[in-house]
Amino acid sequence: MNLFTESNLSPDILKAIGEMGYESPTEIQKQTIPFILSDIRDLIALAQTGTGKTAAFSLPILDMIDETSRKIQLLVLCPTRELCLQISKDIKNYSKYMQNVKTTAVYGGSSIMDQIRSLKDKPQIIVGTPGRVIDLINRKALDFSAIHWLVLDEADEMLSMGFKDELETILSETPETKQTFLFSATMNKEVERISKNYLTKPHRISVGSINEVKKNIKHEYYVVGYRNKKEALKRLIDANPNQYSIIFCRTRMETQEVADFLMQNGYAADALHGDLSQAQRDTVMKKFRLKNIDILVATDVAARGLDVNSLTHVIHYSLPDDPEVFVHRSGRTGRAGKDGISMALIKPEESRKLKQIRSTTKIDIVEKTIPTGEDIIKAQVGGVFEKLLTEHEDIFTFDDSLIPDLSNFTKEELVHQLLQFQLKDLALYYKDKHDLMEQKLSSRDDDYSRRDRGRDRDRDRGRDRDNRGGDRDRGRDRGGKPRRKNEDMVRFFFNLGKKDQLKKLDVLDIINKATAGNSKKRAEIGDIEILEKFSFFEIEKSFKGELLNNISSMKFRGKDMRAEEAN
Ligand code: AMP
């Protein structure tokens, strides 16, 4: 099937998608449409956002839906409100000429009463986030008895967001006779487990995933120590003018920290992460879509809801654990036939992780050196001309009589002078800056505790920029004994540090209080490291849930406490 007109889809659907400009099916649509139309097996489809997967499952289902019945026949579960709205909007567009088909989106952060009212319309299609669907099940507002199709969209994300229990409840609340389609960008153990338990002999297809890394994306990596990471990031941004990019971080706190750093340095940047309210997230996304900001610093999960096709760069400020997430992140650029660049900042001790990403994804990631001030000025000059030749702005007008006699200058002299004005601040910033010392990947991998301890030590000693000598203590703990990673312990990132007058004894006290509910046993406490703005501590894994539950409602010297698992 090379054209939609060659498919067996009904004329109403063909008319609607024709108006939307869809002529040929995408790869995933070529595979799923005939399958769903003719097969009764469950399906696992490995596909990323942007491959056309919404149409891939919804077009054949719309073709088969019973318009005369007003019971729910299709339930689509997805991780975020944004995705939920996007999918329901797409389905509404595809079913524009199917007058009796109704679609309702249900998601958290919005009035449940309004949603219950809209369910009175008796939609045949529900698109929802797992949490809100469970709330509605509990209120007996949803009747799942006639469900034919259940779609788990971005299953990996739903699981990594902690929706495991909700998914399992919904999967077991829906009729056994349903056909389940699981879509996921990555296939990890959790997704495999859900598939094994809830899907029956699924047919598998894979599109645009790891085996099909986009060829139009250039991959680069830059080795830089922790202390210089933000400065290196600044240089990468400066050396790539006119960029429209997403910077990926691992934790919410890191995301906020990096965004704050960029904003303080005058960049049009902002943060997108789960600690923001829904309204704040909407505002940031809107600003980014409208290009009021051109750099978005985001966690993997928060960036999911965002659908932009014109990113020039993706920057991995921190590497993800899962190589497929690396591919997925990078695939946010190089869309719609454009070229893209993916740049990763790699700490010297992350060689094993890089190796793993390279070997699993088969991506050729090329090592580059952090740009010098001179490289940056060159790139900026190029950027000015690129803008000059491609964008013609007429924001204000002025009379030519205001231009004095310039005949004593050559064209080049004039351009030189104007560029001096334009790039003055940047040139002054880099004038006295040393180049960032070239670093090499270390052949040995550290675990986090050692690395963080080295980092703390370097800070305390005010060690120079290149972390020289940082290798000396590697692999030893403070007493000089070889250090072993303890699998029974979990490490937390804690939002308070020396600046909050936090001492080790305070941390012990906080941990004891937060885990006091478990009267049988006290939590074993491992390393505690108090840094300037935040800290790390380790406790026994079995106390993790209790600690996380309690700590967010505790205060230290009037300040809210927040902990999250460090990676
Ligand atoms: P999705 O992966 O479902 O988020 O779709 C990505 C984008 O591709 C959406 O903007 C869709 O409207 C668009 N799209 C999906 N299928 C096609 C198609 N066959 N032809 C053109 N555009 C499509």
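## Residues 2–30

Helices here are DSSP runs of H or I with at least four residues, strands are runs of E with at least two, and both are numbered from the N terminus. In UniProt, an unreviewed entry annotates residues 2–30 as "domain: DEAD-box RNA helicase Q"; such annotations may be inferred rather than shown by experiment.

A quick word on the model: it is predicted, with local features needing pLDDT of at least 70 and side-chain atom pairs counting only at pLDDT 80 or more, while totals for chains, interfaces and linings use all residues. Residues are numbered from 1 along each chain as its sequence is written, and side-chain values use heavy atoms, leaving out hydrogens and water.

## The second largest pocket

Rolling a probe the size of a water molecule over the atoms shows where empty space is left. A pocket is an open set of points on a 1 Å grid with protein on both sides within 12 Å along at least five of seven lines, and lining residues have an atom within 4 Å of a point.

The second largest pocket has a volume of about 1,400 Å³. It is lined by 35 residues, and N242, G383, V384, K387 and Q422 are the closest to its centre. Helix 16 (373–390) is one of the helices that supply at least two lining residues, along with helix 10 (229–238), helix 17 (411–422) and helix 18 (424–431). The largest share, 8 residues, comes from helix 16.

## A cavity inside

The largest cavity holds about 60 Å³.

Its lining is made up of E157, F248, D300, R304, V325, H328, R329 and R332. Helix 14 (residues 323–330) gives the largest share of that lining, 3 residues.

## Where helices 20 and 21 cross

Helix 20 (residues 504–514) and helix 21 (residues 544–551) have axes that come within 8 Å and cross at roughly 105°. The two helices are therefore roughly perpendicular to each other, a label for angles of 65 to 115 degrees. On the helix 20 side, I510, I511 and A514 make the contact, and helix 21 brings E546, L547, N550 and I551; contact means heavy atoms within 4.5 Å.

Note on methods. Axes are lines fitted to C-alpha atoms, for helices over the stretch in contact, and angles run from 0 to 180 degrees between N-to-C directions. Angles under 35 degrees count as roughly parallel, over 145 as roughly antiparallel, 65 to 115 as roughly perpendicular and the rest as oblique. On a 1 Å grid over the protein atoms alone, a cavity is a set of points where a 1.4 Å probe fits but cannot get out, and a pocket is an open set with protein on both sides within 12 Å along at least five of seven lines; lining residues have an atom within 4 Å of a point. Grid points are joined across faces, edges and corners, and a volume is the space filled by probe spheres set on the points.
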